[in-house]
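Dear colleague,

I am passing on the structure we spoke about, and I would be grateful if you could look it over with the notes below at hand.

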Amino acid sequence: MSDIIRTDRLVLRPPARRDADAIVALAGDWDVARMTGRIPHPYTRADAEHFLGLDIGARMAEFQGQVVGCFGAEAKANGAVELGYWIGKPFWGRGFATEGARGLIRHLRAQDPNSRITVSHMADNPASRRVIEKLGFQPAGESAIWSVARGCTVRVLCYELPGAVPESD
């Protein structure tokens, strides 16, 4: 992926060491961590340093120079690209998840118009479901994943994106 993706309000850019404090504060919130599979809780500075050392194609989302969340797209063994994201709690309800995901999807489709893009959310996360529906994803079944923060297996609802991404909400 290219280094920077721009949307109307957001800049999605590679993570940098300077992001560690923001990542700890935002991803470390229980309400954020519990809705992800990979974020531990409590989330420490060491966890952020480890994340920042990974080369996984993650993108920090900035609004007016402030980190508001993180987006990523991971190539899966089945050929699909799985979208993932989290938004810090102080920034919920402002459309950042939809806007950032839409920007990342457009970027992915510009690279490969036929890319198979998938996403999932925990069954008890209606806010993420609304984001996914706005983006035009269609239901593709259920699965279960291990949630590091919760320390248990949780039910997830899975989706696949057909065709083009809707232009607006």
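**The hairpin and the sheet**

Strands β7 and β8 form a hairpin with four residues between them, and glycine 151 in the turn has a positive phi of about 70°. Please keep in mind throughout that this is a predicted model.

A parallel pairing is found between β5 (residues 81–87) and β6 (residues 117–122), which are joined by two bridges; here valine 81 stands opposite isoleucine 117 in β6.

**Helices on the sheet**

In helix α5 (residues 126–134), the buried residues are Ser128, Val131 and Ile132. Because these residues cover an arc of only 95° around the axis, they lie on the same side of α5. As a general point, an α-helix has 3.6 residues a turn, so residues three or four places apart point the same way. The buried residues of α5 pack against β5, α4, β6 and β8, and just after this helix glycine 136 takes a positive phi of about 90°.

**Two helices in contact**

Helices α1 and α3 pack at an angle of about 115°, with their axes 9 Å apart, and their crossing is right-handed. From α1 the contact takes in Ala20, Asp21, Ile23 and Val24, and from α3 it takes in Arg45, Ala48, Glu49, Phe51 and Leu52. Sorted by class, the contact of α1 with α3 has six nonpolar residues, no polar ones and three charged ones.

**Points in the loops**

Most residues other than glycine have a negative phi, and most peptide bonds are trans. Against that background, which peptide bond is cis, with omega near 0°? The bond in question runs from histidine 41 to proline 42, and proline 42 is found in the loop between α2 (30–33) and α3 (45–53).

Glutamine 64, a residue other than glycine, has a positive phi near 50°, and glutamine 64 is found in the loop between β3 and β4. Because its relative accessibility is 71% and the cut-off for exposed is over 50%, glutamine 64 counts as exposed.

Lastly, glycine 95 lies in the loop between β5 and α4 and is partly exposed, with a relative accessible area of 33%. The C-alpha atoms of glycine 95 and arginine 9 are separated by 9.9 Å, although these residues are 86 residues apart along the chain.

Terms used:
Residues numbered from 1 in each chain as written. Predicted model: local features only at pLDDT ≥ 70, side-chain atom pairs only at ≥ 80, totals over all residues. Heavy atoms only, no water. Pairing = 2+ DSSP bridges. Buried < 20%, exposed > 50% of the residue type's maximum accessible area, 1.4 Å probe, protein only. Arc of directions from axis to C-beta. Contact = heavy atoms within 4.5 Å. Axes fitted to C-alpha atoms, helices over the stretch in contact; angles between N-to-C directions. Left-handed = near helix turned anticlockwise from the far one by under 90°. Nonpolar A, V, L, I, M, F, W, Y, C, P; charged D, E, K, R; others polar.
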